[in-house]
Amino acid sequence: MNDELTWIVQAQNGSDEAFTYLVEAYQTPVYNLCYRMLGEPEAAEDAAQETFLKVYQNLARYDRERSFATWLLSIAAHYCIDRLRRRRFVSFSIDEDEETPVELPDRSAPDPEAETMRRQEQAHLHQLLQSLDPTDRAALVLRYWNGCSEIEIAQALTLTVPAVKNRLHRARRALAKVWEKEAPRARTERRPHESPAF
Amino acid sequence: MNHRPFEDWMLEDQGLTPEQKRDLQSHLRTCGQCAALAEVSLALGSSRTAAPTPGFADRFRVRLAAQRQAQRKRNFWGFLILAISVTTILSWLAWPILRVMLDSPVNALSTWLSYLLSLWFWLQALGQAGSVLLRVIPTFVPPYFWPLATFALAGWSLLWVLSIWKLAKIPQGV
């Protein structure tokens, strides 16, 4: 039995200490998903805490045959989707003065200028994410930030694999459309075809 | 402008041959839409993870304790409201009896005693009738009736247990 499963079993038997280990192990992926979904650090903190409360309350129903990470992220994604649907008609803005979350540093960053540019690009991408449909956004975040496979995303969002593929394509096309409109200047500074990736 | 197959190549994240890479690069120089898609793909590929501020697990522990406290409070108030409601309803239902009891306790007591006595006599009569029937019935019923009745009763019980078991079979899992 691995460490994670031991913690899960102990937490299912009522050990708060074991559940705290699980919270410490998964706080970053859950928080990151909530932050990318909701766009605001405070809302993300609240959603992540609520997710862990829901997990705590429903831990007895967790099927040990399934991946715990997928089950946990599924609860977080559904919670954020519900929250976004509830506040659909309430407008919000990403305030520059708000307390921003800790972005994990990129140790492979070559120089400060490139690092600054990448930060700006990431902030822009984060802002653009908020324009997407909640489920499309969840699929995209699970794929690119949490590194989930299409099968895992399908399990987490209760979709079929072709539907996930379709949503990922649609989301990326939508992002590209807004990106093209909003950042024509940035594109002239760094052409993607100059990157070794293409 | 025709974006095929370049758009598909980028969306599928598939490995490209050197020739395909060359074709894609020359297409990206002339197509703004595909260049934007490529930039988005690059940005997504290098996306960073946002971590919560330190002390997340401690804040969770505090929240969990507060939630438990709130749950205990809810349970207490729920029990209190239920107890008050039940007491009120029972008092309302018992009020006519209580009123008679309070008005003339001797009369109420004698009425109850007479009720108890009549119940006692009624039960005694029922017992006597039962013993007479038990003595008389075996002379009318053929001997093979008893095994048949036992068999039918057992079959009916089995059917009942099976139906309950089938109804109780609910799919498990989240």
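## Contact between the chains

The contact takes 41 residues from chain A and 37 residues from chain B; two residues are in contact if their C-beta atoms, placed from the backbone, lie within 7 Å. On the side of chain B that touches chain A, the elements giving two or more residues are α2 (18-30), α3, β1 (50-51) and α4 (56-103) of chain B. Helices (H or I, at least four residues) and strands (E, at least two) are DSSP runs, numbered from the N terminus. The largest share of this side, 13 residues, comes from α3(B). Its residues divide into 19 nonpolar, 11 polar and 7 charged. Ala, Val, Leu, Ile, Met, Phe, Trp, Tyr, Cys and Pro count as nonpolar, Asp, Glu, Lys and Arg as charged, and the others, Gly among them, as polar.

## Model and numbering

This is a predicted model: local features need pLDDT of at least 70, side-chain atom pairs count only at pLDDT 80 or more, and totals for chains, interfaces and linings use all residues. Residues are numbered from 1 along each chain as its sequence is written, while chains are lettered from A and ligands numbered from 1 in the order in which they are written.

## Chain A

Chain A holds 9 helices and 1 strand. Along the sequence the pattern is α-α-α-α-β-α-α-α-α-α. Of the 198 residues in chain A, 33% are buried (20 or more other C-beta atoms within 10 Å of a residue's own; exposed means 12 or fewer, partly exposed in between; C-beta atoms are placed from the backbone). Among contacts in chain A with a separation of 6 or more, 67% join residues 24 or more positions apart.

## The largest nonpolar core

A nonpolar core is a set of buried Ala, Val, Leu, Ile, Met, Phe, Trp, Tyr and Cys residues joined through C-beta atoms within 7 Å. The largest has 60 residues; A:Val30, A:Cys34, A:Ala76, A:Ala77, A:Cys80, A:Ala139 and A:Leu142 touch the most other members. Helix α2 (residues 16-38) of chain A gives the most to this core, with 11 residues.

Beyond its neighbours within four places in sequence, A:Ala76 is in contact with A:Val30, A:Leu33, A:Cys34 and A:Thr51.

## Helix α5 of chain A

Helix α5 (residues 112-129) of chain A has 18 residues and reaches 25 Å from its first C-alpha to its last, close to the 26 Å expected at 1.5 Å a residue. The expected span is 1.5 Å times one less than the number of residues.

In α5(A), A:Glu121, A:Leu125 and A:Leu129 are buried. They lie on the same side of α5(A) because they cover an arc of only 80 degrees around the axis, taken from the directions from the helix axis to the C-beta atoms. A:Pro112, A:Glu113, A:Thr116 and A:Gln120 are exposed on the other side. The buried residues of α5(A) pack against α2 and α6 (134-144) of chain A, together with α3 (32-45) of chain B.
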